[in-house]
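The sequence and the model are shown first.

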Amino acid sequence: MKNVSKIIPCYAADTSGVCSALYEFGGMTVVHDASGCNSTYSTHDEPRWYDRRSMIYISAVTELDLVMGNDEKLIADIVSAAKDGQPEFIALCGSPMPMMTGFDYRAVAEDIQHRTGIPTFGIKTNGTRSYVDGASKALLALVKEFVHDMPKEDFDGIAINIIGATPLDFGLTGAVESMKKLYSRPKMKVISSIGMGGTLDEIRKAASANVNLVVSYCGLPAARYMEKEFGIPYICGVPLGDTIQAGALGSFMYETAHDGISRMMAAMCRGRSTDERAERLVIGEAVLAGSIAFEWSIMTRHAVDVICPPDIDAELSPDKKDMPLYAEEDIKAYIKDRGIKEVVADPLYKYIIPEGCRLIELPHFAFSGRCFAKDMKDPTCNDFLDDLVLAINKVK
Amino acid sequence: MLKPVSFDRPPAVRLGDAARGDFFAGGLEYNPPARGVWNIVHTGMLIPETHEIFACAQGCLRGVILTAAEMKALDRMSWISVSEQDMFDGTLESDVVDGVSEIIEKLSYRPKQILLYLSCIHLFAGCDFDVIIDELSEKFPDIHFTDCYMTPTMRKTVSPDAKMRAQLYDALTPVGLDPKSVSILGNDRATDENSELVRVIRKNGFTLRDITLCRTYQDYLDMAKSSINIAYLPTAAMGCEELSERLGAQSVYLPNSFDAAEIRANMAKLCDKLGVVCPDLNDEEQAAVSALEKAKTVLEDTPIAIDFTAVTQPFGLAKLLCGHGFNVRYIINDTLGEDGAAFDALKELAPDITILSAVNVNMLHFPEEEHERVVAIGQKAAHYFSTDYFVNIVQNGGYYGFTGIAAIAALLEEAALVPKDRRRLISHKGIGCESCL
C-alpha cells in the first residue's frame, strides 16, 4: 500500500511548513488544531523554537467546538491574542479536523482582519500533505500581501531575492547568510530572503529585484507569482560552494536577469545524456537534491537520479524523470530494481537501503528532525561538498 | 516578574484571588520547549515484545514517529497515513485492516501484541474500531490487538494520556488471582524501592508487579495475577479501576500526596487491603522533616517555582514547603487538579503566590523578562524562569510518601547548589527514555 510504512518516518507536514516559512517575520501563525500540531512542530520541526520566539500558536480546538461549528470562539481567541501580541500579520492554517467540518479559512481570515485591522490570510492546509505544500502556500500568501510593484533597483548589476529557504531543508547551518555573502559582491546584491534569514521590511522591497533565486520547491509558487505580477524571472538551484554547479548557477542567474526568461532546471541537470540508467541517487527536497545530483553527475561523468518524497514539480525535473515517490516500498523497489549502487539521503533511510547499495548520509531536518541536526552542514560551503566527496570516495 | 502590562487575557493570577477550576480563560495556546513528560508512544513501548502502529494524518504521524526515532525504537513502530480521499470514500476501516496486515507480513519479528492507534478523524468519521480489531484478530490469532487512541480533540472528556494508561493493560485476561501478588498500575517509571509503599508490599512477602519492571511479555501478562491493583497517578486511576473490575481484583487509588495525614491514611488503606499491620511511619516522617529543614538552610528565602508536570499535586507540594518556611513564589498550572484542599489552605497560608499559565500566549516572552534567581521544580518552571537551578523530574519522579518528600527535598537542595544543563535536559523527550540527542 502506498500509505504504509514499516519503519521509516514521514516528512514534516503542511502545517509545519506554514509555521516554518513564516517564523521570522513578526506575524502570528495559528494552527487550528487540538494539541498535537504545535507540539510536533515545536519539538521536531522547528530548531529555532528554543532560542528565538515567534508567535506560533494552536487554537486548542475541542470536538465540541468542531461539532457545534463554534468558529466565533476561534475568532475571538485570535483577536484577543492579536491585541496582546500586536503581530505584523495573522496567518491561519489547520489540521485534519477543520477539514472534516469544511472550515472556511478565507471567510474567517476576512472576519479577523476586519476586527483587528491586521493583515490576515487563511492558508488551507489539512495536515495530510507535506511541508512543501504548506511552506509554498505560506510564502505565496506573504508575497501577495506584502510585495507590491515598485521601480527596479538603480544598480548596475543583478538584484536578487532568495526564496524558499527554511530550516526544514537547510537546518540552522547559516546557509542563507552564506548565500547573502556569496551574492554581495560587485554587480550583485541581495534584496531579501523570502524565508529564513529575512525581514518583512526587506520583503516589502522584493519587487525591486530583477531575479529570484529559488532555493527550494517551497519558493517556486511565490517566484511564479512574482514573475507574473512584477516580471521578475527566476532560477532554481542551490549554489554548492566553489563548484562547477555553483559557477553555472551564477552564470545562469546573470543570463536570467538579463533576458528575463525563467530557468527551472539550469543548475539541476543530471547527466542523463551520458547514461540511460543511473547507478547513483539523491533522495531529498527537489531543488537541493537536484543541485547535489548535478554536481555529482559532473564529478563522476555519470547520470544521477533524484527522488523527491516531499513533492516534485514537473518543471523542476529536467527530464521529467525525477520521482515524487513517497511510499517506503516504492523507494525501496526503485533502488533495488534499478540496481542503484550509491544513495545520498538522510541517515534514517538506512533501514530500507538494500544490500549492495551504499548510503551516503545527508541529514534532512524535514525527515529526521532533531536526530541528526547537529550533523547538518551548510550546503553552500565548501566543507559540505568536501565531506560529501570524502564520503562518496570512502570505500572506493 | 511579569511586567506590569495589561493583557487582554493575563497569564497570571494571585492565588488568593483565584477560583477553583480553570485559572485562566481558554484561548490560543503556546507550547514551551520542555519535553520531559512522557507521551502515548513512550507509554506504549513499556509493554515488552509489542509493536505500535499509528493510523492518522501525516501531521500527527510526524510527532509520534520521531518520538520513536529519538528513543531509538523505530523498529517497534509502523504507520499508515490517512489522506483526504480516505476520509470520504468509505475505506477508513478496510485501509487500516489492509495496512496493518501488510505491516505484520513485512515485520522481521512476530510481535505478541499490537497497539493500534486511531486518531480524531477516525472517531469523528464514525470509524468502527471494533470491526477493525475483530477482523485483525481473526486474521492473526496469535497476536493480541489493542485499540489505542490519539484523540486530543477529546481531551476534555478523557485525556489521551489517561486512556493510554487504561488501554495499556488491555491484553490482561483473568488467569486466577494470586493473593500474594500486587500491581502498581499506570506509572511511567518504577516506584522508588525505598518508598514506604514498596517496602510494605515487599516486606510482607507480596510479589510486586509493575509494567516498568516487566522484561518479557509473560511478565506483563502475569500482572493479571495481582489481587490488588494500586494507582497513585491521577491519569492511572481510571485504568486501574477498569482492569480491576475486569479481573475481579481489588482496586485502590492512593494519590501521591504531600500531606502527612493523607500519606498515613493511604498507607493505612493499603495495609488494610493487604491484611498486614500498618507501620507507624514515624521514622519516615521525621526523615522527611529533617530533609526539608536541611534544604531550607540551603535555599533560605530563595524564591521557588513549581510546575504541574513535576508533581501531580503542585499545590500540595507548595503547602508543604510553605509550612516549612520555604519561599514558594510561583506555581505554573492552568487547572486545579486533585489537590483542591491544599489550594484552599494556601489561600490562607500564602495568598500572594502567583499562579502562572503554562500555555497562555502571553507567556511567550516570559523567559526573556528579568527574573530574580529562582529555584524551579519542574522543566516548564525552569524554562519560564530561565533558571539552571532546577529539580528535573516529571510526575514525582517515581518518589512516593514520606520517603518521596525526603527525596524531593534532597533534590531541591541539590538544585539550589548545582546548576544543570537546562537546554539539553529539557530538550530530551520522555525523561528516563533513551535518546539519540
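Predicted model: local features only at pLDDT ≥ 70, side-chain atom pairs only at ≥ 80, totals over all residues.

Residues are numbered from 1 along each chain as its sequence is written, while chains are lettered from A and ligands numbered from 1 in the order in which they are written.

**Chain A as a whole**

Chain A contains 16 helices and 13 strands; helices (H or I, at least four residues) and strands (E, at least two) are DSSP runs numbered from the N terminus. Its radius of gyration is 21 Å, close to the 21 Å given by the globule rule for 396 residues, so chain A is as compact as a globular protein of that length. The radius is taken over C-alpha atoms, and the rule is 2.2 Å times the number of residues to the power 0.38. Of the 396 residues, 59% are buried, that is, 20 or more other C-beta atoms, placed from the backbone, lie within 10 Å of the residue's own.

**A parallel sheet**

An open sheet of four strands in chain A runs in the order β7-β6-β8-β9 with parallel pairing. Its edge strands, β7 (188-194) and β9 (234-236) of chain A, each pair on one side only. From one strand to the next the twist averages 25°. Helix α12 (residues 244-259) of chain A packs on this sheet, touching β6, β8 and β9 of chain A, and its direction makes about 140° with that of β8(A). Axes are lines fitted to C-alpha atoms, for helices over the stretch in contact, and angles run from 0 to 180 degrees between N-to-C directions.

Two strand pairs are set out below; strands pair if DSSP finds at least two bridges between them.

| Strands | Sense and bridges | Facing residues |
|---|---|---|
| β6 (158-163) and β8 (211-214) of chain A | parallel, four bridges | Ile160(A) and Val211(A) |

**The contact between chains**

The contact takes 56 residues from chain A and 55 residues from chain B, where two residues are in contact if their C-beta atoms, placed from the backbone, lie within 7 Å. On the side of chain A that touches chain B, α2(A) gives the largest share, eight residues.

Methods. Buried ≥ 20, exposed ≤ 12 C-beta atoms within 10 Å, placed from the backbone.
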